[in-house]
Amino acid sequence: MNATDWIARSLALLKPAAKPPAAAADTPRPMAERLRATLRREPEALTPSALRRLLAQLQAVVDPHVSEAEAGRRAQQVMAWYGAAAASERRDLWLLLVEQFAPDADEVRAAREHYDAVHGTPEQGAAEIRLRSAFISPRTRMLQRFAVDPQGLHFLVDLRAELLPQLKSERRLQPLDAELAALFSSWFDLPFLELRRISWDSPASLIEKLIKYEAVHDIRSWADVKNRLDSDRRCYGFFHPRMPNEPLIFVEVALIDHLAGGIAPLLDEQAAVHDIGKATTAIFYSISNTQTGLRGVSFGDSLIKRVVETLRAEFPKLKQFATLSPIPGFRAWLAKNAGAMLGRMPDKARAELGRALGAKVPEAEHVLAATERVLALEEKSPARQFLMRCAAEYLGRELDQGRPLDPVARFHLGNGARVERINWAGDPSAKGFKQSCGLMVNYLYDLRRLDKHRAMTVAGNIPLSSEVERWLL
């Protein structure tokens with residue numbers, strides 16, 4: 001070996017060892033491997049010994065030899081640990097629940113094979129029971145035992161609220177989310193819920209939750225909330241016996257004598273109180289879900305039906321039940337579709353619109369610029385007429401997989417309402433302009449035609465009043 005080769009070889013020995021590929025280094029270890037390990041890796045939160053202690057606590061909760069009361073006490077200890085744990089440590093608990101308390105794969109396989117073998121024979125029923133039992137995981141039994149504790153149900157709802165934002169980046173957590181969602185659908189079913197009126201005489205802590213959870217029209221002050229709970233108003237919420245001071249969803253109602261076209265008069269704290277003895281119309285102007293962890297559990301349709309029944313019993317003169325609703329997706333839809341809507345206009349109407357917008361050939365950007373000054377547009381302005389037609393198109397024809405594109409429309413139309421009226425400048429707030437150029441919509445609940453309108457919506461034929469149909473291009 002000459003000197004040059006010797007120097008090159010020696011220098012090579014001084015170079016640090018090549019690092020493993022980043023993807024391999026970043027691949028998270030399964031919980032089974034971490035539980036067998038001695039040391040933790042970055043960015044793992046709990047050490048292997050801490051994981052083993054936590055696993056032992058969880059196994060103690062699901063131990064079939066202890067009573068439900070004792071299991072609930074053990075679950076309480078885990079909840080206390082969870083309350084003090086960092087977010088990354090909580091994630092390790094989720095992964096333990098997913099990977100260490102899953103259904104027995106061998107038992108599921110054997111039960112499925114047995115079911116397939118006896119399908120169509122007298123043994124099929126027993127085989128189906130065995131297969132169903134095989135799919136009930138220790139995780140399900142554990143979550144049920146957490147719910148034994150008086151605070152356990154609220155704990156699980158809050159846990160899922162933390163879990164939901166992580167599902168897209170951490171797919172391993174999906175079985176835990178699915179299991180919680182299935183249990184909540186059962187535990188929060190309508191027969192277990194209580195409809196309660198929330199009034200100014202309700203506990204202050206409950207009214208504070210109303211302020212906290214209001215999702216449609218922000219409550220600005222105590223005077224504002226008092227106005228919403230005045231004698232010509234009603235507010236109702238669904239409550240669960242295990243969460244007695246926590247509304248799951250609530251609706252705010254105004255009792256008036258006309259179809260409201262704007263939110264400002266309803267929220268005007270100085271406005272005179274309506275004579276509820278003359279009220280003919282109930283306007284549902286805000287519906288707010290309060291628990292993120294109950295996403296996917298539907299309360300709204302049942303809430304509206306129960307409230308309608310309650311109001312009809314108290315006020316027999318009520319003949320009209322309608323909403324005053326935001327159109328949250330309209331502004332974003334218009335930004336993408338204004339050009340296409342312009343292309344569908346007759347030449348004469350498009351030329352008139354161009355003159356109103358100060359453009360010989362109106363383009364999408366001219367329309368979007370006009371949305372910044374909607375309050376200045378007169379009723380017969382071509383720009384205003386065009387925006388109303390766009391809103392009618394969005395609400396009456398735009399579907400996503402056969403369902404109304406707008407989320408609020410999807411909810412009300414799915415419950416049997418129809419699109420009754422589009423209201424110009426119905427919500428002149430900054431939020432209203434950002435979402436819908438200030439437009440609002442009335443959805444009418446015609447109690448005699450709910451089933452018909454629901455069937456039309458399911459078929460992709462949105463039920464519209466004749467007034468809204470005239471706006472369509």
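**Strand pairing and aromatic contacts in the predicted model**

Strand β4, helix α15 (residues 300-314) and strand β5 form a right-handed β-α-β unit, a crossover being right-handed if, with the strands pointing away from the viewer, the path from the first strand over the helix to the second runs clockwise. Helices (H or I, at least four residues) and strands (E, at least two) are DSSP runs, numbered from the N terminus. The model is predicted, and local features need pLDDT of at least 70, side-chain atom pairs count only at pLDDT 80 or more, and totals for chains, interfaces and linings use all residues. Residues are numbered from 1 along each chain as its sequence is written, and side-chain values use heavy atoms, with hydrogens and water left out.

Two strands are taken to pair if DSSP finds at least two bridges between them. Strand β3 (residues 249-256) and β4 run antiparallel and are joined by 8 bridges, with Val 253 standing opposite Phe 284 of β4. By contrast, β4 and strand β5 (residues 320-323) run parallel and are joined by 4 bridges, and here Ala 322 of β5 is the bridge partner of Ile 283. Of the 9 residues of β4 (residues 281-289), 7 are buried, so the strand is largely enclosed by the rest of the structure; buried denotes under 20% relative accessible area, exposed over 50%, and partly exposed in between (1.4 Å probe, protein chains only).

UniProt lists residues 101-188 in an unreviewed entry as "domain: Malonyl-CoA decarboxylase N-terminal"; its positions are given in the numbering used here, feature names are shortened, and annotations may be inferred rather than shown by experiment. The span 101-188 is 69% helix and 0% strand, and its end C-alpha atoms lie 24 Å apart.

Across the whole structure, 9 aromatic pairs are found, where rings of Phe, Tyr and Trp (its six-membered ring) pair if their centres lie within 6.5 Å, and planes under 30 degrees apart count as stacked, over 60 as edge-to-face and the rest as tilted. The rings of Tyr 82 and Phe 155 are edge-to-face, because their planes stand at 85° with the centres 5.2 Å apart. This pair links distant parts of the chain, Tyr 82 lying in helix α5 (residues 68-84) and Phe 155 in helix α10 (residues 152-163), 73 residues apart. Tyr 82 is buried, with a relative accessible area of 4%, as is Phe 155, at 14%. Phe 184 and Phe 188 also make an edge-to-face pair, with ring centres 5.8 Å apart and planes at 85°. Ring pairs link Phe 184, Trp 187, Phe 188 and Phe 299 into a cluster.
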